Amino acid sequence: MSSVSLTNPTNEAFADIKEEITAEEAADPTKRKLGVLFWICVGWIVLVAFAATFASLLPLPNPNLGNYNSVQNAGPSWGHLLGTDDLYRDIFSRLIYGARVSLVVGFGGALIGLIVGGIPAMISAYRRGRIDTALNTGSYVVLAFPAIVAVIAIVSFWGKSLFKITLIIGLFAAPLIFRVVRASTLSYATRDFVLAAKALGASDTRILSREILPNIMPTIVSFGLIAVATIVVLEGSLAFLGLSVPPPTPSWGNMLNEGSSLLTGAKGQTNPWLVIFPASAMFLLLISLNVVADKLRAYFDVTEIKL
Amino acid sequence: MSGRRLLDVEDLHVSFATSRGPLRAVQGVSLTLDQGKTLGIVGESGSGKTVLSRAIMGLLHRASTTQTGSVRYDGTEILNAPNDDLRKLWSTHIAMVFQDPMTSLNPVQRIGNQITEPLKIHLNLSKGEAKETALSLLMQVGIPSPVERYEAYPFELSGGMRQRVMIAIALACAPRLLMADEPTTGLDVTVQAQILDLLSQLQHERDMAMILVTHDLGVVATRTDEIIVMYAGNVVERAPTNVLFKSMAMPYTEALLKSTPRIAEPSHTRLTAIEGRPPDLLNPPSGCPFSPRCPYAQEKCHLEKPPLVEAAPGHSYACWYPLTASDPASRPSPRPDPVQV
């Protein structure tokens, strides 16, 4: 009976709230939009990823074999959109094939980092106890060690295949990801709705995947993208030192490496495009990743305030 | 159906390990609850009532607490039982409505999801059946246009609506014991009565037992069969509701009642507050824990802790000089009231 009598006042109360919400949205329609820049950056990342994935299907000259009929170290032309390097190879083609290395190492490394660092982080932050203390201390120890030095050392002993480099970089990214994921899990693990879910008999796996994960997803996504950007730079540094995938396989880092020694040609001419194009490609990818990460974080923050 | 012993708590102690030593949040609480009955647990903040209710459910963090005594649900010992065993009880046998509806719902999950989840896990309902049950639950707790609310996120609902959703979730698997931990504290006064009425209505429909935890004696006065008054982790008075209000023995109970505003009083009457603050549980006062704040306290109160004695059938209290003492000589005169500002 009383539920019937309750219906009217609450109905009105709800109408009020609904009005409030719609009024808020009408007052500031831009509040939850991601903006043009975000979509341009997403577009760029998707374009690079698409080109790299389907490089072999695109009408591109072989990136590893020069066409000896063309000019060496030439500037952009119709035949070679971004010019050629000193082995007569097409720079545009090499850039696209080189993106494969950057993207595989970047996204693959971040994914390995998320799996190796993120999953234990959630469990350890939720369960606490001795294992958490041990993992936490462990992550500090690994973080205290300069990653680039360790990666250089391991790569020079173990080998320079794409898989090995991705794996090693991913493992060294794991402690950082561990710390970030652990911190955000901690802030949700003690919330009432988690206790409420527990009191309803939800298992730990369920609480972690259904209650906590969706809440920390914004953090994971935006930090993951930043991690991708950082790893791309790290791979670039390795390649610049000649420690990434061995030539002739192109990567943006080893293109920079080769180009930098040929900036001034034998006959006194300068060849700036040898470094300008790979450097720009890397710059654009990095800034896109950072913008996307930042905009996503801000976007989810707004929602959080509204909640 | 009514009358069956559902919950039997005996000499329950809970203490937390802190850097300053053990904090004894619950000290030897015993209580019983029969099917279909309502028990009120009353006390101010820090009296241990929330810890008590969570200890009964087994929701306290194991590593940092020590829990001794006995909690029997339907004859089975559940104190310190493994989580996997408790998980089978939670939701289908014992469920809890939490204090703050603003934080007790997952902000990123739709209402419908949050209600159907326990149904799917515990009762093995199919997606369609679960949705149907959820909609009827939303209807039962008085949520208008449940079909639309089913798809809503918690931030789209008001506090009262969210508490109704919390109740719907708690009731989803038809528990036999409902723990309501300050279910109306986070809500507007006008909504409080609605929620409490809803709880008692649903309780009667389902013949559920309920533990109502609150700081407000007014809330439990008409809605409980028995009341336990807690102070500093101890039960200081326990009596059937009508007995308690007729002849309260413990000065603390009286003080709690006095600090409830009354409609009959002229407006702008100053609300009586309890002097002082709850005792430091790491360093409890010797003697009666309430003695430093008790207007009737005598020498003996500061020195010796009164035991909880059953003075009349069903009515027990822990006080050396109860308000109900038959011999007027043994009853102390109250200290003069502090000057009213």
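How many helices and strands does the secondary structure of chain A come to? In this predicted model, chain A has ten helices and zero strands. Chain B, in contrast to that strand count, includes an open sheet of four strands.

**Chain A**
- Read from the N terminus, the elements of chain A follow the order α-α-α-α-α-α-α-α-α-α.
- Chain A contains 307 residues, of which 36% count as buried.

**The largest nonpolar core**
- The largest nonpolar core comprises 155 residues, and Ala168(B) and Val236(B) have the most contacts inside it.
- Helix α8 of chain A, spanning residues 204-240, gives the most to this core, with 15 residues.
- Domain 1 (5-231) and domain 2 (234-330) of chain B both give residues to this core, so the core lies between them.
- Beyond its neighbours within four places in sequence, Val236(B) is in contact with Val229(B), Met230(B), Tyr231(B), Met250(B), Tyr252(B), Phe290(B), Tyr317(B) and Ala318(B).

**Contact between chains A and B**
- Chain A supplies 27 residues to the contact, and chain B supplies 33 residues.
- On the side of chain A that touches chain B, the elements giving two or more residues are α1 (2-27), α7 (192-199) and α8 of chain A.
- Of these elements, α1(A) provides the largest share of that side, ten residues.
- By class, the side of chain A that touches chain B consists of twelve nonpolar, nine polar and six charged residues.

- The four strands of the open sheet are arranged in the order β2-β1-β4-β5 (chain B), with antiparallel pairing.
- The edge strands, each pairing on one side only, are β2 (21-34) and β5 (76-77) of chain B.
- Strand β4 of chain B (residues 65-73) runs antiparallel to β5(B), and two bridges join them.
- Tyr73(B) has Thr76(B), in β5(B), as its bridge partner.
- Helix α1 of chain B (residues 49-57) packs on the sheet, where it touches β1 (5-18), β2 and β4 of chain B.
- The direction of helix α1 of chain B makes about 65 degrees with that of β2(B).

Notes: Residues are numbered from 1 along each chain as its sequence is written. Chains are lettered from A and ligands numbered from 1 in the order in which they are written. This is a predicted model: local features need pLDDT of at least 70, side-chain atom pairs count only at pLDDT 80 or more; totals for chains, interfaces and linings use all residues. A residue is buried if 20 or more other C-beta atoms lie within 10 Å of its own, exposed if 12 or fewer, and partly exposed in between; C-beta atoms are placed from the backbone. A nonpolar core is a set of buried Ala, Val, Leu, Ile, Met, Phe, Trp, Tyr and Cys residues joined through C-beta atoms within 7 Å. Domain bounds come from an automatic or database domain assignment. Two residues are in contact if their C-beta atoms, placed from the backbone, lie within 7 Å. Ala, Val, Leu, Ile, Met, Phe, Trp, Tyr, Cys and Pro count as nonpolar, Asp, Glu, Lys and Arg as charged, and the others, Gly among them, as polar. Two strands pair if DSSP finds at least two bridges between them. Axes are lines fitted to C-alpha atoms, for helices over the stretch in contact, and angles run from 0 to 180 degrees between N-to-C directions.
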